Structure formats: structure tokens, C-alpha cells
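Here is a short briefing to read alongside the sequence and the coordinates.

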Amino acid sequence: MSEESNPTQRTYEHLILSCIHQSSLVDAQWVHRHLHENGFDQDPFLATKLINMYSSLDLIDDARKVFDKTRKRTIYVYNALFRALSLAGHGEEVLNLYRTMSSLGMPSDRFTYTYALKACVASECLVSLLWKGKEIHAHILRHGYGGFVHIMTTLVDMYAKFGCVAYASAVFNQMAVKNVVSWSAMIACYAKNGKAFEALKLFREMMLKTEEDVGPNSVTMVSVLQACAALAALEQGKLIHGYILRNGLDTILPVISALVTMYARCGKLEVAQQVFDGMDKRDVVSWNSLISGFGAHGHGKKAIDIFKDMISCGISPSPVSFVSLLGACSHAGLVDEGRALFQAMRKEYGIIPSVEHYASMVDLLGRANKLEEAAKFIDDMRIEPGPKVWGSLLGSSRIHCNVEFAERASTKLFQLEPANAGNYVLLADTYAEAGKWDEVKRVKKLLESRGLQKVPGRSWIEVKRQIHSFVSTDEFNPQIEQLHALLCELSSEMKEKGYVPQIKVVLYDLGEEEKERIVLGHSEKLALAFGLINTSNAEPIRITKNLRLCEDCHSFTKFISKFARKEILVRDVNRFHHFRDGVCSCGDYW
């Protein structure tokens, strides 16, 4: 950089921008030194530029020093540091500084609010900072910033990250003007918080209300594909695929990776493979999508082969790669392979195991009925076992009806997450199968005393591009009487061919006939009956379940696939079950 006899503010601005463009630390330090020597060190405008410069060079400490030495701090100086701290992940520091700024009477502007809201999400202790986000929301409304699209969109995003879907939806619905970013933020909120049905509904609304030049973008497509995957909505997924191709979004890596996941989670592994094979370039996310897809279908060895191909292509695995791999081994019962991968993760690839990896290993060992080894594995952990790890042990104990380990895991879980009703239900399930009805009653009373309710089983099925939802107590479906009648008829006919209802899954000490009536009304059976009535003979039935498939529904569906000569695919919370000719792809290992 050349010297200038009388540098001006504009000169230094251009020099700083040049340093940012060239990512040059040496030049940055030279400019900063000369700026100081020429008496511009207290210029608030140049202070914002210096903070931006150091932020772009990942020198957050230097950015802080510029801020600290600037005596006349304008809102722009504050915003520059807020932005730098947010990008560096120092959310709590932003909030502390925001509090200080407010106490000094410095009014916020639209950028301040955006950075402060993002800081709530970037901070470690998310739950405790929700109140701060709500407080900022109140400030925004009080000071007349509720009409700024990008601020309200950031609010939607913040509530989404906290899992406050109702708050996010209220903010979104009150927005007078919406752009593609705000629509995408709300769709993503639904998709990432277990409301895939609502995500697809909102996407259809977006397509009707937005103009062509502000239509869905790649971010929208990723969220919509995630929703299709969650519901196994293959036909809608195909429509989205067509839109992606027509609008030239098929060159964007996250979109194609989401497509691979969508087809895999809709049971179309061959199409997922074709999409993957047709990619011009692939990143680790693309490979992980394929590994996860084959793993969830129980093809553990194939998932490991794909992982080896990824390594041979020079792609370094990520922590997610090993979560997918260990999950694949768990679904296929590949204990030795899972152990080897867990060891290789640290030794060969330098990835330190997280809680997710430990939970996957406990799940792998537990499902294989190696509960003693799973418990010892937890005892030897280098980090504190969290709810996920103990949850894996409890789930495995439930599968193998091991009361001792179920009690051990649930004792920890009741302390760690006392409001999670699912843990109480799993323990009660274990007691019920063991015939310990007094213990079942005790756990149910504990559940009731804490004001908790079991998550109701819900199943979805896509027929003629429409998503239909079922719960066991659903009396509003216009075909409900027909569905119950069909199920009773099928049950009677299949009993003659060897079907025996698995009434042990009922948590009530009732007579056999009443228990049979209860299991016959499970949501996946209602969805299955709906599929039998409303699909052609050659058309496969695809069902998604929000909980683990129970033993009776598994047995019932196996019989139906043979009895009705129907291909049936059920995806529960753990894996895929592909039923054909009376056999399930899981080999009764789930």
C-alpha cells in the first residue's frame, strides 16, 4: 500500500475495504497503525470499518479492542461489534453489551434488534434465554419496528430455534408483508419441529400467494423436502423434484442432498442412489444422506461400503457420518463392526465422540441384548451420560423386558428430564410385559401426579397426493366405521391362518377381548386399512408412525402383506419396515 501525504476518512475506508478483500493481516495492521498516527483513531465511522475488518479476519479480540478504545460510540459502532460477536458465536456477550447499551439510553435500530435476536439463539443456554428473546420482541413492537420484514423474520427464526412453534406462527401470521425469506423461515420452523404436515400446507399456500420473482428458493426446497421425508410423502416429493429441475436448483448441493434423503426416507432407495450417482460433485452431507438412508432400511453392510467409498474419494467423515454408521450397525445387529467404527472414529479420524455417538453405541449393544456391556460402556464414558444415552438403555431394556436395567435407566431419566412422559411409558411397558401390574399402576400414578400425558400414537399415509393423519381415538374420519369394520374382518380371517394378537402391549389389566379391541384400533392399523380401501392392488402402501411400531402392529402387517398380497412400507421412529409376502425386512430385529 502506498503512502498518502494527507489521507482522508474516505482514503482509510478504501484501504480497510482493500484489506478485507485481500484477507491481509499485515496490511490490516499497517492501515490501523497509520490511521492511529494520523489522528483518525476516534472516528466512529472508521471504528465500525475496523471492527468489520478484524471480524472478517477472525480476530475478534482486536475487534473488541477497537470498540473499547472508541470513546464516542454511535449505534453503528455497537452494531459492528454485535455483528462481529454474533458471527464468532459469542451470543451471550452480545446480549450483555446490548443490556449495557440500553441502560445508557442508546436507542436500537433495525440492525441492533436483528443481531440481538440472533444472539439469543447463538448462546449456549438456549432455554434460559427465551425470556430475553421475548423481551426484545416487546421492545421491537414498542418502538415501532414490527413492520420491518427482516426483523420479524429473525423473530420467527428465533422462536423456531427454541421450539416455540406457536409463537413463531403468531409472528408470521401478523406480518403485513412477507418475502421468500420469511415464508422459508416459517416452513423451516414447522419442518424442524415435528410439524411436517403444516410445513407442506404452508408451502402450498406460499406457491399460491407469492409472485414468480419471489418464489421458493433453495432454502425453501430443503425444508419442504425434509417435510416430505418426515411424512414419507413420495408423490409430493416427486412434484418438488420436478420443480427443482424446472427452476435450475438441481446444481445446489444442499438441495440434492435433501432429495437423496427424501427418496431414501420414502422407501425409494434405488431412486436415492440414482440421484446421488447423478451428482456432479458431492460433499460429506451428500454421502451422509446416502449412508443414513441405507442404514435406516437395515442395510448396515451396504452403509459401511458407502462409507469406505467416501473415504476412497478423499472426503473426510464428519461426526454425523459416524452417528449414521453406528445407527446402521444398530439396525442390522452388526455389533463387531460398530465397535470397530467407534474406535476408528477417534484413532483414525480424530473425531472425539459426542453424546450422540455414545447413545448410538448403547443402542447398538442394547438391541443386541448385550445390556451388561451397554451398562459398563455407560460407566466408562469420558463425558457425562445425558438423557439420550440413558434413553437408549431404557429403550433396549424395554425391547428385551429387562426390568433391572429399565429401572436403572429410568431412575436417571426421571432426574434428568422429569417432564418426558415417554420415559414413564417405556418403564410401564417393561413392567406390563413382565406381568408386574402393581408396578404399572405405580408408574401411571406417578405420570398423572406430575401432570404428564403419554404422546398419542399418530400415523400418516399419502394417498393420491393427499396426506391423511390417524390417531387411535379418531372418530372424525368419514370412513372410520368402514376402517374398523375392515380391521375386525381381517383380524378374524387372519386368526384362522395363525395370527395371534399381541395383547401384552396394552398397559391395562383388562380382559383379553378388551385388549384385542384396543390393539386393533392403533393408528398404524387405521392407516393401513385406509390404504387397503383407497389404493389400487399394485400400489404399495407407505405409512409413517411417530412412535416405535408395536409388536402386534408388526405381526398384523406381516400377515396383511401376505393375506392381501400387498407391499407395505412402514417407517417408525427408529427404522423402516418393508413388508412383503408375510416377511419384514427388519427380520423381526427392531
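## The sheet and its surroundings

Trp 460 stands opposite Ser 469 in strand 2. The model is predicted, so to speak of local features a pLDDT of at least 70 is needed, side-chain atom pairs count only at pLDDT 80 or more, and totals for chains, interfaces and linings use all residues. Residues are numbered from 1 along each chain as its sequence is written, and side-chain values use heavy atoms, with hydrogens and water left out.

- Six strands make up an open sheet with mixed pairing, in the order 2-1-3-4-5-6; strands here are DSSP runs of E with at least two residues, helices are runs of H or I with at least four, and both are numbered from the N terminus.
- At the edges are strand 2 (466–471) and strand 6 (583–584), each of which pairs on one side only; two strands pair if DSSP finds at least two bridges between them.
- Strands of a sheet pair through backbone hydrogen bonds, either parallel or antiparallel.
- Six bridges link strand 1 and strand 2 in the antiparallel sense, and Val 463 has Gln 466 in strand 2 as its bridge partner.
- Two residues lie between the strands in the hairpin of strand 1 and strand 2, where Lys 464 takes a positive phi near 50 degrees.
- Strand 1 also runs antiparallel to strand 3, with three bridges joining them; here Ile 461 stands opposite Ile 543 in strand 3.
- Strand 3 (residues 541–545) and strand 4 (residues 568–571) run parallel and are joined by four bridges, and Thr 544 is opposite Arg 571 in strand 4.

**What covers the sheet**

- Helix 13 (residues 218–231) packs on the sheet and touches strand 1 (458–463), strand 2, strand 3 and strand 4; a contact means heavy atoms within 4.5 Å.
- The direction of helix 13 makes about 115 degrees with that of strand 4 (axes are lines fitted to C-alpha atoms, for helices over the stretch in contact, and angles run from 0 to 180 degrees between N-to-C directions).
- Strand 1 is mostly covered, as five of its six residues are buried; buried means under 20% relative accessible area, exposed over 50%, and partly exposed in between, with a 1.4 Å probe and protein chains only.

**Cavity and pocket**

- On a 1 Å grid over the protein atoms alone, a cavity is a set of points where a 1.4 Å probe fits but cannot get out, whereas a pocket is an open set with protein on both sides within 12 Å along at least five of seven lines; lining residues have an atom within 4 Å of a point.
- The largest cavity has a volume of about 30 Å³ (the space filled by probe spheres set on the points, which are joined across faces, edges and corners).
- Its lining includes Ile 543, Ile 568 and Val 570, while helix 29 (523–534) gives the largest share, three residues.
- The second largest pocket has a volume of about 370 Å³, and helix 11 (180–192) supplies the largest share of its lining, seven residues.
- Among the 20 lining residues of this pocket, Asp 157, Lys 161, Ser 184, Ala 185 and Ala 188 lie nearest its centre.

**Repeats and a buried serine**

- Residues 283–317 are 74% helix and 0% strand, with end C-alpha atoms 10 Å apart.
- Ser 397, in helix 23 (residues 387–399), counts as buried because its relative accessibility is 0%.
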